[in-house]
Amino acid sequence: MKKYAVLSLSGGMDSSTLLLHLLADGYEVTALSFDYGQKHSVELQRAAELVGYLNHELPGLGYPKVTYQVIKLDGLTSLLNSALVTGGDDVPEGHYEEENMKATVVPNRNKIFSSIIQAVALSIAESKNTTCSIAMGIHAGDHAIYPDCRQEFRDVDFEAFKSGNWGAEKVNMVTPYLHTDKFGILQDGEKACDQLHIDFDSVYAKTNTSYKPLMFMEGDGKRFKNNWYSDYKSASSVERIEAFLKLGRKDPVAYANEHGPVAWEVAKSHVEQLLKEHAAS
C-alpha cells in the first residue's frame, strides 16, 4: 500500500532532512514551501534546488518524484511583527537559547503552515481513499524559543484540525525530531543519504539555515552573478554549525561575513568560542 505525506519544506536543514527521511521510508511526498516575506528567502531557492536534485537522482533508483509547490502568502508580510520578515528589526546574533532570540519568532507561523498542510493532506487522503501524513521538521532545540514547536502545541493544534474536519481520522502526524536536536537530525540525514544512495554534501549544500544570508556579486571579469552565502553569527547558523562539529564533518554550505566569503575554519572557530562562552556563563 502506498504511503503519502505532505511536508512543510522550508529549505532549511531540518525539513530537508525530514524529506530524505520520508523518501527513505517509502513515502510519496508533496512538499510545500511558504513565501511569507522572510528576509532569508534564499531558503526557497535552496528548497527548489534540493527537490530538483532529488527528482533527478532518485527515480532511477526506484523512488518516486517529489511533488513541490511554493505557497505565496501575499499581503501578510507588512502585518507581521518579527525580525525575520522584511521590514522587521535586525536579526539578533548569539546563542540560540538566549532571550533576545525571541525576536525571531514569527507570530503563529507553524499554525499557519500546519493548517495548510493539513488541508492538502486531507484532500489527498480523500481523493485517493487512503491515509496521509503531515510532516514537520520541528525539533527539541527549538522548544526554548519557539512555543509552536512544542509537543503540547502540536497536540492541541491537531485536535482542532480533527474537530473541524470530516474524515480527519485519515490524517496523522509525522514529527520524528520532536525529541532530538540538530545533531540528531544530521545523524538521521547521514543514514537517509546512505539508504537513498545520494551524496550527503550535495544534499546539504542545497539547504539554508542562516537567518542573515549574505549576497555578493562575483565573476571572472566577463560574467557576473549574485551568489548567496550563510552567515555564521546568527543563532540558527550557530546551531547548525554546532551540529556539524559534533558530527565531525565540514558543512558544505559556503560562509561569509559582511566583508566577503570566509573559510569553514573561520565559521567553525567563531562558533567554538561562542559555545565555550555560553557554557561558562
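This is a predicted model: local features need pLDDT of at least 70, side-chain atom pairs count only at pLDDT 80 or more; totals for chains, interfaces and linings use all residues.

Reader: OK, which residues touch the most other members in the largest nonpolar core?
Author: Leu19, Leu20, Leu22, Leu54 and Ile198 do, out of 46 residues in that core. Helix H1 gives the most to this core, with seven residues.

Reader: What does Ile198 touch, leaving out residues up to four places away in sequence?
Author: Its contacts are Leu20, Tyr53, Leu54, Glu57, Leu58, Cys193 and Val203. There's also a second, separate core of 33 residues, with Tyr36, Ala121, Ile134 and Ile138 among them.

Reader: Switching to helices: at what angle do H1 and H5 pack?
Author: About 40°, with the axes of H1 (residues 13-24) and H5 (residues 182-196) 9 Å apart. Angles under 35 degrees would count as roughly parallel, so H1 and H5 are oblique to each other. The crossing of H1 past H5 is left-handed.

Reader: And who meets whom there?
Author: On the H1 side, Met13, Thr17 and Leu20 are among the residues involved, and H5 brings residues including Lys182, Ile185 and Cys193. By class, the contact has nine nonpolar, four polar and three charged residues.

Reader: Last one: is Ser230 buried or exposed?
Author: Buried, because its relative accessibility is 6% and the cut-off is under 20%. Ser230 sits in the loop between strand S7 and helix H7. Beyond its neighbours within four places in sequence, Ser230 contacts Asn208, Ser210, Val253, Ala254, Tyr255 and Ala256.

Conventions: Residues are numbered from 1 along each chain as its sequence is written. Side-chain values use heavy atoms; hydrogens and water are left out. Axes are lines fitted to C-alpha atoms, for helices over the stretch in contact, and angles run from 0 to 180 degrees between N-to-C directions. Helices (H or I, at least four residues) and strands (E, at least two) are DSSP runs, numbered from the N terminus. Angles under 35 degrees count as roughly parallel, over 145 as roughly antiparallel, 65 to 115 as roughly perpendicular and the rest as oblique. A crossing is left-handed if the near helix is turned anticlockwise from the far one by less than a right angle, and right-handed if clockwise. Contact means heavy atoms within 4.5 Å. Ala, Val, Leu, Ile, Met, Phe, Trp, Tyr, Cys and Pro count as nonpolar, Asp, Glu, Lys and Arg as charged, and the others, Gly among them, as polar. Buried means under 20% relative accessible area, exposed over 50%, partly exposed in between (1.4 Å probe, protein chains only). A nonpolar core is a set of buried Ala, Val, Leu, Ile, Met, Phe, Trp, Tyr and Cys residues joined through side-chain atoms within 4.5 Å.
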